[in-house]
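Here are some notes to read alongside the structure. Please keep the sequence at hand while going through the points.

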Amino acid sequence: MSHTDMNKLDTLPYYSGPLGFELKGNETIFRLWAPTAKEVTLNLYKDGLFSTAYKEAYLDRYQDGHWEVRIGENLEGTYYDFIISTHDREYQSIDPYAVTSGANGKRAMVLDLKKTDPEGWAEDKAPKREAEDIIYEIHVKDFTYQKFSGISNRARGKFIALTEKDTHLTFDDTFPTGISYLKSLGITHVQLMPIFDYGSVDEMGSDDEFNWGYDPENYNVPEGSYSTDAEKGEVRVRELKEMIKALHESGLRVIMDVVYNHTYRLDSPLFRIEPWYFYRRNRDGSASNGSGCGNDIASERPMVHRYILDSVLYWAREYHIDGFRFDLMGLIDTRLMNDIRENLDRLYGKDEKLIYGEPWAAGGTAVKEGFQLADKNAMTLLSNGIGAFSDSTRDLIKGSNFDSRSTGFVNGGAVEMNLLRHAVAGWMNGDWHFRTQTANQTIQYVSSHDDWTLWDKLKFTCDDKEDFLILDEKTVKANKAAAAMYFTMQGRPFMLSGEEAARSKIGVKNSYNTPLFINRFDWTRTKDAKELVEYYKGLIALRKKMKAFTDKSEKAIERIKEFTLPYKKTALITLDNSGSNNYSTLLLIYTNEDKRIELSLDGEYDLILDPECSNRLSSPIKVKDSLKLDAPAVYLLGC
Ligand code: CA
């Protein structure tokens with residue numbers, strides 16, 4: 001294809017009318033946007049994968065680039081796809097606006113979505129927002145797969161696993177699992193790794209198959225391998241709704257991980273309906289690859305912009321999703337991100353639905369000139385209601401993810417101490433590392449599904465033996481300090497499930513397709529690492545009570561009254577905690593001295609957090625004039 005042809009894609013007509021199927025009494029209408037097609041045919045099937053078409057129909061072409069056909073029947077339960085003929089090729093494709101599909105997302109299904117609503121769905125609402133949003137990342141299958149979870153065999157690894165209430169360890173009923181465990185932690189939001197239909201797992205294959213799911217096949221269809229019947233299109237839709245309803249009933253909001261930056265293959269439904277329109281290309285005509293997955297979606301093109309916006313709004317409306325985490329947000333243009341924010345604000349209230357993403361990409365991308373990407377440099381161009389993961393905080397605390405041996409503050413690293421000042425303020429007015437408008441834009445974290453778990457990273461740097469499963473004192477101490485650091489910084493805390501229970505992938509870094517025995521959440525650790533789990537619970541509860549940490553307004557930075565470095569590797573931060581009903585002033589100490597030191601204090605304080613206990617609010621220890629500091633550690637005092 002020549003440059004002229006590439007530029008032609010930008011002149012294709014914009015279409016704003018309905019797309020996909022529409023059930024209208026005894027009529028079913030099908031609409032597809034495919035402006036350069038010469039002919040579009042609809043195929044109807046009795047099932048989702050195997051049978052041949054029992055009926056075909058031509059679609060009519062319209063000036064605005066869309067095609068349409070009306071069938072004089074209510075086709076509910078019927079599967080369909082399209083054949084799109086261009087001047088030189090013929091493509092068979094599922095409808096990109098499919099709401100559900102048969103197995104493996106090959107054929108769409110006409111579905112009356114209302115019929116998939118579980119009982120009480122119309123009344124289903126997100127639980128009330130708490131003083132802080134604490135985000136906990138899970139993978140539907142890995143979190144619910146292990147037998148020790150006590151989740152029923154029928155449900156393990158499926159959406160409905162998270163509808164089972166009051167589950168506990170099979171060998172100790174005092175330890176909750178599944179949804180009860182989530183609730184016990186005090187977290188407020190569950191972030192689900194991809195739940196849209198992805199391509200890397202055979203939905204008809206063995207139960208052992210596993211993948212994180214960052215390989216989108218159908219953006220608006222739930223993943224079939226999490227359904228108890230992947231062949232029946234309505235089942236995955238109903239079961240996902242059941243899961244979301246159960247999470248809401250348990251007081252948890254639900255965030256969806258969305259991967260609009262690339263598709264599983266370049267030869268995707270989006271490519272097949274309008275070749276290249278949905279993708280960025282390099283000057284030599286090859287597919288741009290800033291995602292590292294072989295293709296980049298051209299979010300800046302008008303109909304792509306519309307498609308992604310439609311998709312986000314669809315999940316919010318149909319599935320009551322409470323927030324969106326954008327994978328490689330640094331490949332998406334700022335106009336689209338801001339438009340998504342504005343639309344969700346208009347429909348649901350300001351910042352009611354959380355939006356944040358990864359402000360980076362795997363490489364450069366061929367975005368059209370004049371468009372800014374939503375990366376770290378764009379935080380001030382983005383709405384203040386769009387957040388980003390702070391790898392600056394992450395690396396400062398535990399060291400870089402690029403080198404297992406690199407260290408951060410809690411594992412002996414020589415960090416630039418002044419950066420802690422920015423980290424505590426959620427990088428508002430930060431430096432080149434990361435600069436946000438307010439802490440509302442900052443996701444504070446030390447672990448996510450990517451890279452080593454926090455525990456493994458700490459093992460590499462704290463314990464010579466590197467026996468990942470042993471809970472040694474030194475690594476536990478570093479882990480507690482790491483957690484206490486980001487839980488005492490402004491911004492929104494985020495954690496990978498199991499971080500609180502010394503989760504290990506036995507040193508495996510990129511485990512996206514490794515077997516379940518490496519990826520699965522090991523429920524036995526919640527008992528073995530009970531002390532650490534309790535430490536996290538204390539931090540979560542403590543944070544919710546401290547305005548100095550939860551304030552996300554422009555004024556929040558003014559709460560940092562003083563930042564001093566009384567010793568080489570000790571930061572002492574005075575915080576204005578007004579608006580909380582406990583202490584008006586907090587003294588926060590991050591320390592990593594090589595030997596024990598005694599810090600002098602002027603006056604009397606309540607010690608409320610130390611390496612032994614993360615939450616002494618109910619019975620604080622009185623300290624006067626000085627405090628002996630262990631390291632690495634975080635201390636919090638109130639007065
Ligand atoms: Ca799939």
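Is Pro 216 buried or exposed?

1. Pro 216 is buried, with a relative accessible area of 1%, where buried means under 20% relative accessible area, exposed over 50% and partly exposed in between (1.4 Å probe, protein chains only). This is a predicted model, in which local features need pLDDT of at least 70 and side-chain atom pairs count only at pLDDT 80 or more, while totals for chains, interfaces and linings use all residues. Residues are numbered from 1 along each chain as its sequence is written, and side-chain values use heavy atoms, with hydrogens and water left out.

2. Pro 216 belongs to strand 15; strands (E, at least two residues) and helices (H or I, at least four) are DSSP runs numbered from the N terminus. Beyond its neighbours within four places in sequence, Pro 216 is in contact (heavy atoms within 4.5 Å) with residues including Phe 196, Asp 197, Tyr 198 and Val 259. The C-alpha atoms of Pro 216 and Tyr 198 are 4.4 Å apart, although 18 residues separate the two along the chain.

3. Glu 203 lies in the loop between strand 14 (196–198) and strand 15 (216–222), and Glu 223 in the loop between strand 15 and helix 4 (233–249), so the pair ties together parts that are 20 residues apart in sequence. Both Glu 203 and Glu 223 are buried.
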